[in-house]
Amino acid sequence: MTERALRLGTRRSTLAMAQSGHVAEAVRRLTGRDVELVEITTYGDVSREHLAQIGGTGVFVAALRDALLRGEVDFAVHSLKDLPTTPHEGLTLAATPEREDPRDALVARDGLTFHELPDGARVGTGSPRRMAQLNAYARSHGLRIETVPIRGNVDTRIGYVRNGELDAVVLAAAGLHRIGRIDEVTDFLSVDFVLPAPGQGALAIECSASDADLVAALSGLDDPHTRAAVTAERSLLAALEAGCSAPVGALADLLADGQDATEMRLRGVVGTTDGSALVQLSTTGPVPTSHGDAIALGRELASEMLAKGAAGLMGERAL
C-alpha cells in the first residue's frame, strides 16, 4: 500500500509558495513520499495595517500553526524571521535547512547603488530595523534619505520604484533569490552597515512534536551551522524582549581558521527608527556544540547591549 502524501502547509504568497516548493522537493527526495502543498491564508497576508500595529511576527504563522495542531497539515514551512521566539506547545522546529544569503538588498531606479541615491531619496521598507540602520548609515556618510513605510508582496514593493513613487526599496536578498528575481537588485547592503533580521535567509520547518517519525525524517534537512547561528540570533532577540516591530538586527557567522570554523561571531544592533541612536555590539565564542551554548551566546550579547542602553531604544514604534 502506498503511503499517503504528506501535506505541507504554506502561505499563498509567491515567495512562500516558492520556498515551500523547494522544501517539498527536498522532502520527496529524502522520504520517497509524495508531498502536496496546502495553501493557507494568514491574517498578516490580508491585513493592510503595518506589522507593528497587528502584532508583529506571529501574524504570518498563527494560521499555519492552527492547521498543524488541528491535523489539517503534516508540516509547515515558515520564513524563520517570521517565527515568534517563544516555542509553541505541541509543535517542534524539526529542521532549519542551509541558510540562503542573509543580506538586505536595494532595488533602486536607474540601477543606482545606495551611495548613488539622490539627496533626499525616498527609500521604502516595512521594517523599523532597516529604517534605523539605513538612517544611521546615511547620516554618518553625509547622505540624506527619507525612509517610507510600505507593505505588500515583492511585486507591490518593486512596483513603487517602477512607477516612480519611490527611488528605492529594500528587500531580503534571500527572498529575491528564491523567486528568481535577484537580477533586479541594484546593490547588496553589507552586513557591516545593515544587520539583517534575526534568522533572515533561513527557513523553519515545523511539525507536531508527537509525530516522532516525521520529526526524524524532516531532521535530515537540518543544517547544524545554520541552526546554531539562528538559535544565537533568536536568543538575542528573545532576551531583548523584542518582536518584529522593534528595530533589532542580528547576525551570527562562523569565523574560519583555515578550513575549519572554530569560532562564531554574533553581532547585534538596536536603534531608534530615525537612526539617531544605535547600540551595536558583537561577541565571539567557540562554535556552539549544543542548543544551550547557542542560547547562551545570544543572552550574553543581549545583556551587554541592555547594559549599554538598548532597552530605552526599543520602546519606539515608528509605524
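Start with what is buried in helix α5. That list includes P128, R129, R130, M131, A132 and Q133. Carry on along α5 and you also find L134, N135, A136, Y137 and A138 buried. That makes 11 of the 13 residues, so call α5 mostly covered, with buried meaning under 20% relative accessible area. Keep in mind that this is a predicted model.

Now the ends. At the N-terminal end, S127 is the cap of α5. One of its side-chain oxygens sits 3.2 Å from the backbone nitrogen of R129. Just past α5 comes G142, with a positive phi of about 70°.

Buried or exposed? S20 is buried, because its relative accessibility is 1% and the cut-off is under 20%. Leaving out residues up to four places away in sequence, S20 touches L8, T10, L37 and V77.

Last, a helix pair. Helix α9 is residues 224-239, and helix α10 is residues 291-307. Their axes come within 7 Å and cross at roughly 40°. That makes α9 and α10 oblique to each other. The crossing is right-handed. Who meets whom? On the α9 side, the residues are A228, T231, A232, S235, L236 and A239. On the α10 side, they include H291, A294, I295, L297 and G298. R299, L301, A302, M305 and L306 of α10 also take part.

Notes: Residues numbered from 1 in each chain as written. Predicted model: local features only at pLDDT ≥ 70, side-chain atom pairs only at ≥ 80, totals over all residues. Heavy atoms only, no water. Buried < 20%, exposed > 50% of the residue type's maximum accessible area, 1.4 Å probe, protein only. Helix = DSSP H or I, 4+ residues; strand = E, 2+ residues; numbered from the N terminus. Polar contact = N/O pair within 3.5 Å; in protein donor to acceptor, adjacent residues only side chain to side chain. Contact = heavy atoms within 4.5 Å. Axes fitted to C-alpha atoms, helices over the stretch in contact; angles between N-to-C directions. Parallel < 35°, antiparallel > 145°, perpendicular 65-115°, else oblique. Left-handed = near helix turned anticlockwise from the far one by under 90°.
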